[in-house]
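Thanks for coming. I will go through a few features of one structure, starting with helix packing and ending with the surface.

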Amino acid sequence: MSSLTLSKKIQKRKNERRAATKRILHYFFAEIRKNKLYAYGSLLLAPVQVFLSKFLTPLIAALLVDRLTAETNIKDLSVADFLPYIAAVVGAGLLAICFSALRTKLLWKFEIIAQRRLARKCFEVLTMQSMRFHNDKFSGALVSQTTKFVGAFERFFDVLNFEVLQQLSIYVFACTLLWIKVPVVALILTVLVILYAIGAYFLFNKMARLNEIWAKTFSKQSAQLADSISNILSVKSYGQEVHEKKLFASVSNSVFKAGLKSMRAFLVRNNTLSCITVSINGLLITSVIAGGIKYNLTAGTIILIISYGQQVVDNLWGINSILRNLNRIFGDAYEMVRILDLPNTVVDKEDAVAIRLPIGEKRLAGEIVFDNITFQHSGARTPLFKDFSLHIKPGERVGLVGVSGSGKTTLTKLLLRFADVNTGAITVDGQNIAEITQNSLRENIAYVPQESELFHRLIRRNIGYGKLDAKDTEVIDAAKQANAWDFIETLPEGLNTLTGERGVKLSGGQRQRVIIARAILKNAPILVLDEATSALDSESEKLIQDALKALMAERTSLVIAHRLSTVCELDRIIVLKTGKIVEEGSHKALLKRRGEYFKLWSRQTGGVIE
């Protein structure tokens, strides 16, 4: 790689980082503006608390020392003479405690409100994204990115409140009060602080780049670990433990080397900044001595210079903490901000309306028309469907068959508007689905997907998802129709059994029957079954098919099946091949043609045709 190409890549990464930081700050400060009372209140109290707790007491102490040293006869004084000073110190402390409590309350309340709002925003954006988006993402990663983004905002406001404002307040108060007393010392301190901040910034940037590389190697190590462990059955059955060990050793070595580089840079940075801090201390003491000699400073003023100067020096190291925390905050928020800025590819039109029911009817008739549609998957070179048309009559039961990749599942996803067609139109009861709301469309479709995944909730709630206000009798009836009740009533908790994450506590066939029960309970005019019996054994499949026959009665049904026995009794069978209809007709009619369907049937029956 040439140095010019490398330079362009580095510059591109910097530009991306700046743009991302700008967007993160946009979202964070938008939250601050939404709740000004709590946010601004806590921010404004920060310098007040700093002044009361860190600057007022040394100032009173300096005045006290000057009073004591100015007296010619201290023995004539009593404690009562200094009661105003004592009262001022105690009062400042009590006020600092009160303001601290109020500041903490305002800050805590604000962060709770903002975190709730941000979590809801992330949830809304994720749920409104298209299925294409979710198919390209890991659900676990999305959960992690949401959690990190919300947590990043909390840390950001804490850093702003407890570190940035505190550092700034200490510097401003120290230099302002010293300027009144000794302008030269205040000027020297200002120059030293600026030099330290510049040095810390450049050293931190170098450290940040190395930490970024280290973090990437950690991610690769985690990915390799997850890949090997999640496929442990393949590793063991093929006896490839040694091979996987070598792969993991390679990525762990990368982590080790990157860690060493970061460690060395960390030591250089720390030692350099420590030396600068020691030099500043030395210059501060020198300026106190020189100022005392030249300007005949009082003891109180000298104490004030040392106290305030030390406040500034002690907090210089906090600049590193601020930079480190901000780097982590922006890193944690980066991925979710990219998602928040993504446009949704499937959205309702501004003038979209709910789907209209036929006059005098309580449900749709269920006519479906694919009218000269063209659709191309993202990244594909050619369209899957081109000028594709299909008319499904109200109440017609239609099967979609064909080899994998022929477009069966894609067709149903286009009907559900999980993706939009490029050209043409899909209509339901004569209404273009692109012009009606997605919710009203999907309310009229009961969908049983190929992947039988359940919520980590009670079986009752999983079935009841088809009708949220369903009574137990309705849930049980749906379970019976789906042949799910026989196994549900044998469970210790029955309908109150937790299914586990994605339904892991149930077998594949049991999960599928729960999902079918949900579709039965929904009682929609259009039914879409995508390999609905794929996870069932032969006996359960027969029972489910009997239930589906009753379910499909008087409903428009679109059934995808690789097991052709599932569709052989439907009104019409559509045979797809590379996005085109190559055959259509009844089971018997298609067998007589001895075409594509005949070949598929023969492969499944061993050549024995009934």
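**Helix packing, salt bridges and a surface patch**

Helix α5, residues 139-181, packs with helix α9, residues 299-316, at an angle of about 155 degrees, and their axes are 10 Å apart. Keep in mind that this is a predicted model. Angles over 145 degrees count as roughly antiparallel, so α5 and α9 are roughly antiparallel to each other. The crossing of α5 and α9 is left-handed.

Next, the charged pairs. Side chains of opposite charge can pair when their charged atoms come close. How many salt bridges does the structure hold? There are 15 salt bridges, and I will take three of them.

One of them joins the side chains of Asp-420 and Arg-417, at 2.8 Å from N to O. Is Arg-417 buried or exposed? Arg-417 counts as buried, because its relative accessibility is 2% and the cut-off for buried is under 20%.

Lys-467 is partly exposed at 31% relative accessibility, and Glu-474 is partly exposed at 28%.

In the salt bridge of Glu-241 with Lys-236, the N to O distance is 4.0 Å. Glu-241 is partly exposed at 37%, while Lys-236 is exposed at 53%.

Last, the surface. Leu-83, Ile-86, Val-90, Leu-94 and Ile-97 make up a nonpolar patch there, together showing about 460 Å² of accessible area. Ile-86 lies in helix α3, residues 83-128, and is partly exposed, with a relative accessible area of 40%.

Technical notes
Residues numbered from 1 in each chain as written. Predicted model: local features only at pLDDT ≥ 70, side-chain atom pairs only at ≥ 80, totals over all residues. Heavy atoms only, no water. Patch = residues over 30% accessible without salt bridge, like charges linked within 9 Å, V, L, I, M, F, W, Y side chains within 5 Å. Areas by Shrake-Rupley, 256 points an atom, 1.4 Å probe, with all protein chains shown as cover. Helix = DSSP H or I, 4+ residues; strand = E, 2+ residues; numbered from the N terminus. Buried < 20%, exposed > 50% of the residue type's maximum accessible area, 1.4 Å probe, protein only. Axes fitted to C-alpha atoms, helices over the stretch in contact; angles between N-to-C directions. Parallel < 35°, antiparallel > 145°, perpendicular 65-115°, else oblique. Left-handed = near helix turned anticlockwise from the far one by under 90°.
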